[in-house]
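Here's a quick tour of a protein model, written for someone who likes to know the cut-offs. Have a look at the chain first, then read on.

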Amino acid sequence: MQYEIKGTPLPVVIMTLQAGEKIKTDQGAMSWMSPNMSMSTNAGGSIGKAFGRMFSGESMFQNVYTCQGGPGLFAAASSFPGEILAVQVAPGRDFIAQKSAFLASEEGVEMSVHFQKKMGAGFFGGEGFILQKFTGNGIVFLEIDGSVQEYDLAAGQKMVVDTGNLAAMEASVQVDIQTVQGLGNKLFGGEGFFNTVLTGPGKIYLQTMPRNVMAGALAPYLGGNS
């Protein structure tokens with residue numbers, strides 16, 4: 001498979017496939033395709049995996065598109081202003097992403113539900129208890145809110161992140177929380193009571209405009225005035 005990601009702020013990933021190659025997507029992800037792409041819908045394995053996808057923000061069923069008879073084209077567009085991130089998953093290089101991040105992947109990538117191990121991080125870290133985990137071998141395409149910034153943390157190196165700005169990370173990265181120091185800072189600083197702390201080793205991908213932040217920014221302008 002070859003691919004290119006085009007457009008802002010609503011990007012699309014356009015994939016070129018050879019005969020027999022397959023792409024897995026969430027329901028409704030297809031934007032356009034060549035007529036030799038054949039679609040099938042399934043639960044992607046056991047009923048447990050199907051429910052896991054549902055809890056991680058995706059539909060229970062997934063679509064599989066198979067290229068038949070020769071080269072084919074398949075395009076999947078982002079559902080929210082931001083970027084599409086292409087991540088290479090490999091044995092020993094699993095990835096964790098925020099809920100609803102999955103857009104599409106090669107056949108060899110498996111998605112499952114991932115639970116935060118630390119209760120504090122689950123309650124206050126902004127990402128919640130339930131995330132998405134990607135294993136196997138292949139490329140997965142993730143939807144990122146706003147722009148994305150990548151950092152490669154060394155072992156023991158930390159990054160303090162505002163809740164909600166963590167989009168994805170390698171599974172080797174540890175997630176914890178820390179409280180904002182000082183009562184005045186908590187009440188009047190506008191940053192809330194907690195921040196997320198990420199500890200390497202591993203890559204982290206941070207997003208500039210989480211969906212809840214954008215929704216809050218637009219809310220005053222949406223409702224009609226009588």
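Accessible areas here come from the Shrake-Rupley method with a 1.4 Å probe, and for residues only the protein chains shown count as cover. On that basis, the protein's accessible surface is about 11200 Å², and 57% of that belongs to carbon and sulfur atoms.

Keep in mind that this is a predicted model: local features need pLDDT of at least 70, side-chain atom pairs count only at pLDDT 80 or more, and totals for chains, interfaces and linings use all residues. Residues are numbered from 1 along each chain as its sequence is written, and side-chain values use heavy atoms, with hydrogens and water left out.

**Overall make-up.** There are four helices and 19 strands in the protein; these are DSSP runs numbered from the N terminus (helices H or I, at least four residues; strands E, at least two). Of the 226 residues, 42% are buried. Buried means under 20% relative accessible area, exposed over 50%, and partly exposed in between (1.4 Å probe, protein chains only). Among contacts (heavy atoms within 4.5 Å) with a separation of 6 or more, 77% link residues 24 or more positions apart.

Three strands make an open antiparallel sheet in the order 15-18-17, where pairing takes at least two DSSP bridges between two strands. Strand 15 (158-161) and strand 17 (174-179) are the edges, each pairing on one side only. From one strand to the next, the twist averages 30°, using axes fitted as lines to C-alpha atoms (for helices, over the stretch in contact) and angles from 0 to 180 degrees between N-to-C directions. Strand 17 pairs with strand 18 (residues 194-199) over six bridges, in the antiparallel sense. Gln174 has Thr199 of strand 18 as its bridge partner.

| Cis peptide bond | Omega |
|---|---|
| Thr8 to Pro9 | about 0° |
| Gly200 to Pro201 | near 25° |

Pro9 sits in the loop between strand 1 (2-6) and strand 2 (12-17), while Pro201 is in the loop between strand 18 and strand 19 (202-207). Then there's Ser100, which isn't a glycine but has a positive phi of about 70°. Ser100 belongs to the loop between strand 9 (95-97) and strand 10 (102-106), and is partly exposed at 29% relative accessibility.

**One more residue.** Trp32 is part of strand 4 and is partly exposed, with a relative accessible area of 43%.
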